[in-house]
Amino acid sequence: MLPEKHFLGKQKAEKLLQIRVELKKNSYPLYIEQGSLSRLGDILKGRQALSKVVLVTNSVINDLYGDTVRESLQAVGVEIKTVEVPDGEEAKSLEWLGKLFDVFVEFRMTRQSGVIALGGGVVGDLAGFAAATFMRGVSFVQIPTSLIAQVDSSVGGKTAINHPRGKNLIGAFHQPKFVLIDVDMLKTLPERELKSGMAEVIKHGLVMDSGLFEYMENNVAKILSFDLQSLEQLVSRSCKNKATIVEKDEREQNMRAILNYGHTIGHSIEAVTGFSVFRHGEAIAIGMAVVSRLAVNMGLLDKDCAIRQNRLLADYGLPTAFPDLDIDEIMDAVHLDKKIRSGGKPRFVLLNDIGKAGVVEDITDDQIREAILGGGL
Ligand code: NAD
Ligand code: GLY
């Protein structure tokens, strides 16, 4: 049930599993293979004539993987400047965006230079936004190191920083030139981050892939013990799903919105708690529990499906209960979320079934409050 391998032809990157994101002149490959990090230089050389790159990362990831990246790039004659940003959401800020621009200028980047993000979703979103805006756009490569980044954030070109009152409010679409996914790097991921990443994989299962959802139901112990074969299955299946959606709706005019399942409430929880209490996936898990209640209350979703969703979230150690937060502050944040404001009408992604989602318009504040305060199903 999981994806067949697509092998490249005679290129340097031979034998790497490749999933293509077809976006006309912005098309790009996702290379997925254990141990592929050390082949970065060859892949870059085969695809891009970049003489200089800024490597954006944080100190944890730089210590673990920075040398491999630098050695691989230096071997093909690329000049590199490494920048470490703070570890955590605080890096997705105007302050750190400005610091990156200072480095870009100091390093004399031109449009023939590039930015490489080596890290989780935070590094990818910040570095991607810097690449999108510097000189009106320079080349960008994603090397995602967390599960969230490997299954979701590195694919599809969404880049952003946060505003103190709202998550990802300042951003751009900027597709990478390629994405290099080495599942081996997940071995060093803290357990809490693995679980947080599972929220986005569960989201993919819920909104579009009941087979993936079942795979996660049947392989909890293996996945939570960092079994790399299972994780590679999750990554390749999620990437394939995401590529399919992004190809059909790059700029989120319609169907890409389903990937925001649980995110309006999740982002509001993150903003109200100062981006520092919950991991992104934990907040999204609570968001998915809330909106499943909304769908059940509206008669759109069978209660058993919502229970099955919440059981899987709990199996992966994710929270589903709404935390003790001021509901008015949450509602303010909900109304600031860009995903809800289209045409001024509150709208949410809701499930009809496991594997089936749609956007529902005209939801009232009372319905949202009821779903938040409603407790367990
Ligand atoms: P993160 O980048 O903060 O990484 C999580 C933690 O894991 C960090 O402490 C990081 O240092 C550590 N880490 C990452 N890889 C590691 C590794 N291989 N070994 C050891 N430690 C490692 O957070 P995240 O969960 O990766 O991403 C969350 C962010 O992604 C949020 O800001 C969210 O808004 C964003 N996001 C963006 C998109 C998109 O489409 N652009 C999609 C989903 C999430
Ligand atoms: N993470 C949602 C999206 O990329 O559209």
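Asp, Glu, Lys and Arg count here as charged, Ala, Val, Leu, Ile, Met, Phe, Trp, Tyr, Cys and Pro as nonpolar, and the others, Gly among them, as polar. The legends below describe close-up views of a predicted model.

**View 1. The shell around ligand 1 by residue class and element.** By class, eleven charged, nine polar and eight nonpolar residues make up the shell around ligand 1. Of these 28 residues, D87, E89, T145, S146 and T188 come nearest to the ligand.

**View 2. Polar contacts of ligand 1.** An N or O atom in the side chain of S146 is 2.5 Å from an oxygen atom of ligand 1. D87 places a polar side-chain atom 2.7 Å from an oxygen atom of the ligand. G121 takes part through its backbone, with an N or O atom 2.8 Å from an oxygen atom of ligand 1. On its own, ligand 1 has 860 Å² of accessible area, and the protein covers 93% of this. The elements that give two or more residues to the shell are α2, α4 (121-133), α5 (147-153), β8 (166-173) and α6 (191-208).

**View 3. The surroundings of ligand 2.** A polar side-chain atom of R256 is 2.7 Å from an oxygen atom of ligand 2, and an N or O atom in the side chain of K158 lies 2.9 Å from an oxygen atom of the ligand. In the case of D152, a side-chain N or O atom is 3.2 Å from a nitrogen atom of ligand 2. The protein covers 89% of the 200 Å² of accessible area that ligand 2 has on its own.

**View 4. The seven-stranded sheet.** The strands form an open sheet with mixed pairing, in the order β1-β2-β9-β6-β5-β3-β4. β1 (17-21) and β4 (79-85) are the edge strands; each has a single partner, so one side of each is left without a neighbour in the sheet. On average, neighbouring strands are turned by 20 degrees against each other, direction ignored. Strand β3 (residues 52-58) runs parallel to β4 and is joined to it by seven bridges. V56 has V83 in β4 as its bridge partner.

**View 5. Helices packed on the sheet.** Helix α1 (residues 40-47) touches β1, β2 (28-32), β5 (114-119), β6 (139-144) and β9 (178-181). The direction of α1 makes about 165 degrees with that of β9. Helix α2 (residues 59-74) also packs on the sheet, where it touches β3, β4, β5 and β6. For α2, the angle with the direction of β3 is about 160 degrees.

Conventions. Residues are numbered from 1 along each chain as its sequence is written. Chains are lettered from A and ligands numbered from 1 in the order in which they are written. This is a predicted model: local features need pLDDT of at least 70, side-chain atom pairs count only at pLDDT 80 or more; totals for chains, interfaces and linings use all residues. Side-chain values use heavy atoms; hydrogens and water are left out. A polar contact is a pair of N or O atoms within 3.5 Å; within protein, one must be able to donate a hydrogen and the other to accept it, and residues adjacent in sequence count only if both atoms are side-chain atoms. Accessible areas come from the Shrake-Rupley method with a 1.4 Å probe; for residues, only the protein chains shown count as cover. Two strands pair if DSSP finds at least two bridges between them. Helices (H or I, at least four residues) and strands (E, at least two) are DSSP runs, numbered from the N terminus. Axes are lines fitted to C-alpha atoms, for helices over the stretch in contact, and angles run from 0 to 180 degrees between N-to-C directions. Contact means heavy atoms within 4.5 Å. A residue is near a molecule or strand if one of its heavy atoms lies within 4 Å of it.
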